[in-house]
Amino acid sequence: EKGGYEHFMLKEIFEQPNSIADSMRGRLDAKNSKITLGGIREYADALTEANRIIIIACGTSWHSGLVAEYLFEEFCRIPVEVEYASEFRYRNPVINKGDVVIAISQSGETADTLAAIELAKSRGAIILGVVNVVGSSISRASHEGAYLHTGPEIGVASTKAFTGQLSVLIMIILSVAVRKKTITDARLKELLTDLACIPDKIRKVLASNDKIEYIASLFKDARNFLYLGRGYNFPVALEGALKLKEISYIHAEGYPAAEMKHGPIALIDEEMPVVVIATRDSSYDKIVSNIQEVKARKGIVIAVVTEGDVLIPKMADYVIEVPKCDEALMPLVSVVPLQLLSYHIAIMRGCNVDQPRNLAKSVTVE
Ligand code: M6R
């Protein structure tokens, strides 16, 4: 059942080239620049014309919601709010006519997300579900939606569901951009062509598993970790930190790299590993300065960089290369080394990675 892997988590990390291809099958036609989402039809206009989109989710699904926020803004020019379901449901949220709620959930059974959906529905919102488990409560409570089609995720730490969510959200967002005419044909073509190559790019990252395992062996006894990213890689920093804390029980925090100066920089000393997601994108120069700031305080930098980068390897203590990729799609690729890093650290610490203490696969109580 674990397909020759020692743990479900490792199996699911390695499944990602295939699970992402599964999430795109029959939907993405890069050659003809077409996206077909059978699950969003009746409400496709409502989504395209939405005044505002509210994304509700928890945990890892909330992180993919943050990536979606940046993408919706960039490509569709629609204002987006990303809410923790648990907070949303106990506030008195303002929901106006023309608002569309997107609920993201792997299990489709998360109690807070389900309750938030019911609240939004009772106030007239349209609910679109981005869910993995077919027939789950959240998929049934949604008006329409798109399944991930990534297959069952058994490990408590979400891995292939995260990349499946990103893949499906990107397809939703680009199809809205086409309908709204907020994207040029050339840019669409570029993105869809790159999207179709993501499975191969992830295969390349997986080939660095031994190197990542070696880096893990050096930091398995660390007591704290900081994860930094900017732009599309900021949610990846949050996700990397969540993966590490939930399965290895090492305290980790994810931050937007520039926010470091507003507090976390005080934590940095020669014992502090700082994972910086520093791939080549529009904030590259800025993140290079952030790396310098960490090094000036003697922090240990583990950088995730784009292959061929010659500058950061001179500054960072360790680098993990990932293939070149459009910055809007980079989270699909840059998260993978962080999944592997946390997996190996947890294994070396003797932790039960598939069933970490105190955690359940789906949180069906609040
Ligand atoms: O099934 P859901 O996507 O609704 O679950 C949400 C969170 O409980 C989940 O992502 C949790 O944070 C994971 N254990 C993270 O790896």
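A crossing of two helices is left-handed if the near helix is turned anticlockwise from the far one by less than a right angle, and right-handed if clockwise. By this convention the crossing of α12 and α15 is right-handed. The structure is a predicted model, in which local features need pLDDT of at least 70 and side-chain atom pairs count only at pLDDT 80 or more, while totals for chains, interfaces and linings use all residues. Residues are numbered from 1 along each chain as its sequence is written, and side-chain values use heavy atoms, with hydrogens and water left out.

Helices (H or I, at least four residues) and strands (E, at least two) are DSSP runs, numbered from the N terminus. Helix α12 (residues 234–248) packs with helix α15 (residues 330–348) at an angle of about 20°, the axes being 9 Å apart. Axes are lines fitted to C-alpha atoms, for helices over the stretch in contact, and angles run from 0 to 180 degrees between N-to-C directions. The helices α12 and α15 are therefore roughly parallel (angles under 35 degrees; over 145 counts as roughly antiparallel, 65 to 115 as roughly perpendicular and the rest as oblique). Residues in contact (heavy atoms within 4.5 Å) include Val236, Leu244 and Ile247 of α12 and Val335, Leu338 and Ile345 of α15.

Strand β5 (residues 99–105) is mostly covered, with seven of its seven residues buried (under 20% relative accessible area; exposed is over 50% and partly exposed in between, with a 1.4 Å probe and protein chains only). Asp99, Val101, Ala103 and Ser105 point one way from β5, and Val100, Ile102 and Ile104 point the other way. Two strands pair if DSSP finds at least two bridges between them. Strand β5 pairs in the parallel sense with β3 (residues 52–57) over five bridges, and with β6 (residues 126–131) over six bridges, also parallel. Ile102 of β5 is the bridge partner of Ile55, and the partner of Ile102 in β6 is Leu128. From β5 the chain crosses through helix α6 (residues 111–122) to β6 in a right-handed β-α-β crossover (clockwise from the first strand over the helix to the second, with the strands pointing away from the viewer).

An open sheet of five strands has the order β9-β8-β10-β11-β12, with parallel pairing. Strands β9 (251–256) and β12 (318–322) stand at the edges with a single partner strand each, so one side of each is left without a neighbour in the sheet. Neighbouring strands of this sheet are turned by 20° against each other on average, direction ignored.
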